[in-house]
Amino acid sequence: MNATAGTRELVRLGARRDRVMLPAWCYLIIALAVGTAYSFKGLYPTPASRLAFAHSFAGNPTFSALTGPTFDLSTIGGLTAWRIGGLGGLLMALFNILVVVRHTRAEEEAGRLELVGAGAVGRYAPLTAGLVLALGTDLVLGLVIGGGLTLVGEPAGDSFVLGFALAVVGAAFAGIAAVTAQLTETSRAATGLAATVLGIAFLLRAVGDSAGTGIQWLSWLSPIGWGQQIRPFAGDRWWVFALPVGLAVLTCWAARALVGRRDLGAGLLPSRPGPATAAHALRSPLALAWRLQRGLLLGWAIALIAVSAVLGTVTQDMLSIVNTNSALTRIISQLGGQAGIANAFLSSVMTLVALLSAIFVVQAVLRLRSEEEALRAEPVLATGVGKVPFAAGHLLVAALGGALLLAISGVAVGLGYGLRTGDVGGQLAAMVGAALVQVPATWVLAGVAITLFGLLPAWTAAGWGAVVVCFAIGELGPSLHPPQWVMDISPFTHVPRLPGGALAGAPIGWLLVVSVALTVVGLVGWRRRDVG
């Protein structure tokens, strides 16, 4: 039998299973690219305004670390490539890691590949199907982003170069994820290992772009840096495409070679056996949920501390840039309420941090569905553990973990801004308060996820759609000016804008009521339906 027999059928099956996740991710990335270009056209309509904006960033290493190098900011396309090059590459990489691991190691871990492999399916078909699905989506994203930027009014050639620059970064990490899926025995370990490589790549790019002439070569060690060094809208470097494409080909070939060197269900890296008996700290549903989620929480805590500290530090620099553009001043004020520009910008920063924290919250709640699909929930529920306590443990970790992430993010922003202004105590208290008022909004998204899990388990992944919608409304809404009812869809729209705004108890109370109601509905549905 052909080693790739059944690949077409597996690709169709994967596309059907991801009919919610794939469109949500595609919408997020496309909206980021095209929406950024559209908003820049309104903010900086003339070359003079764009050059003044570019001059304000010149020589600032912090902004270079966040966004990447500045090649040509005199055009809307150049501004767009600079603004989304780093973030877009990061999102493309994360998307590809999740898709490839989901359709390779996660399927193998759940036992479904063994069942599928008993039919007319070749040994390499699952890996090939996962890569085809990821790389095919990358290709579509590159085409749609290029077409969208062209419709906005940018040159077609450069627009498609930017789209495909993002696509090849994603392709490189699809190959990396394919390799990590062969090395480990669990999808969580495979995702974590690939995410570690992604973190190192982003760090190398940030250090190389923010440093002086001595170590700028570090950015050339990063696939994300390669995507930016293609230089869309700034004298396209076509030869740089060979680096991420070559890495993708090499890693995909390596993954295929590794598939033939291991048994089904096993990883090439040896796994450490656990103790014969469980520790006392694991003898409750909450303790088990904490054990399963603590690594994820730690990873998010480290990432948010770093991001928040940087955002707090650059606030002073951002204020000087904002004050040079009346349109940008108006938009930042809309993001942050009626306070001054400084408080408005800090409020928008906390909204962004809250959206990132919400990703952890939803991810932690959706772990319930993963445990159910992998048949690990059944043995636990076969003991004296009830279905509601089992779910409540994960919900509690998600809720408290999200609150903890926001609290430490507030501390990091407060320290970063306070050290720049000489008011550490005042800014620390203000930013922690601004962070904690965002907690009920993240709990609403947790309620949406548990409701889907309890009532519509096959659509549990749609919880990610809620996160994407909130992210799009929060990041693009103020610049696109949609109807107010569209803005009101996001629970983060109703959060008091702190610091600087009025602390209103009614919106917080209603958000808590909604989150509790959704949670109760989800738990009742989970209690009544069959497991699996």
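Is F241 buried or exposed, given its relative accessibility? At 13% relative accessibility, F241 counts as buried, where buried means under 20% relative accessible area, exposed means over 50%, and partly exposed lies in between (1.4 Å probe, protein chains only).

## Basis of the model

This is a predicted model, in which local features need pLDDT of at least 70 and side-chain atom pairs count only at pLDDT 80 or more, while totals for chains, interfaces and linings use all residues. Residues are numbered from 1 along each chain as its sequence is written, and side-chain values use heavy atoms, with hydrogens and water left out.

## An aromatic pair

A pair of aromatic rings is described by the distance of the centres and the angle of the planes. The structure holds five aromatic pairs, where rings of Phe, Tyr and Trp (its six-membered ring) pair if their centres lie within 6.5 Å, and where planes under 30 degrees apart count as stacked, over 60 as edge-to-face and the rest as tilted.

One of these pairs joins W238 and F241, whose ring centres are 5.7 Å apart and whose planes stand at 35°, so the pair is tilted.

Two packed helices are described by the angle between their axes and the distance between the axes. Helices here are DSSP runs (H or I, at least four residues; strands are E, at least two), numbered from the N terminus, and their axes are lines fitted to C-alpha atoms over the stretch in contact, with angles running from 0 to 180 degrees between N-to-C directions. Helix α9 (residues 156-183) packs with helix α10 (residues 187-210) at an angle of about 140°, and their axes are 8 Å apart. The two are therefore oblique to each other, since angles under 35 degrees count as roughly parallel, over 145 as roughly antiparallel, 65 to 115 as roughly perpendicular and the rest as oblique. On the α9 side, the contact (heavy atoms within 4.5 Å) is made by F173, I176, A177, T180, A181 and L183, and on the α10 side by A190, L193, A194, V197, L198 and A201. By class, this contact has 11 nonpolar, one polar and no charged residues, with Ala, Val, Leu, Ile, Met, Phe, Trp, Tyr, Cys and Pro counted as nonpolar, Asp, Glu, Lys and Arg as charged, and the others, Gly among them, as polar.

Helix α2 (residues 21-43) and helix α5 (residues 76-103) pack at an angle of about 175°, with their axes 9 Å apart, and they are therefore roughly antiparallel to each other. Their contact has 18 nonpolar, three polar and three charged residues.

Q228 belongs to helix α11 (residues 223-229) and counts as buried, because its relative accessibility is 8%. Leaving aside residues up to four places away in sequence, Q228 touches T67, G68, P69, F71, G85, G86, R205 and D209.

I359, in helix α16 (residues 341-373), is partly exposed, with a relative accessible area of 23%. Not counting residues up to four places away in sequence, I359 touches W300, W464 and V467; I359 and W300 are 59 residues apart in sequence and 9.4 Å apart in space, C-alpha to C-alpha.

## A loop with positive phi values

R231 lies in the loop between α11 and α12 (242-259), and its phi is near 60°, a positive value in a residue other than glycine. F233 is placed in the loop between α11 and α12, and its phi, near 65°, is a positive value in a residue other than glycine. R231 counts as partly exposed at 24% relative accessibility, whereas F233 counts as buried at 8%.
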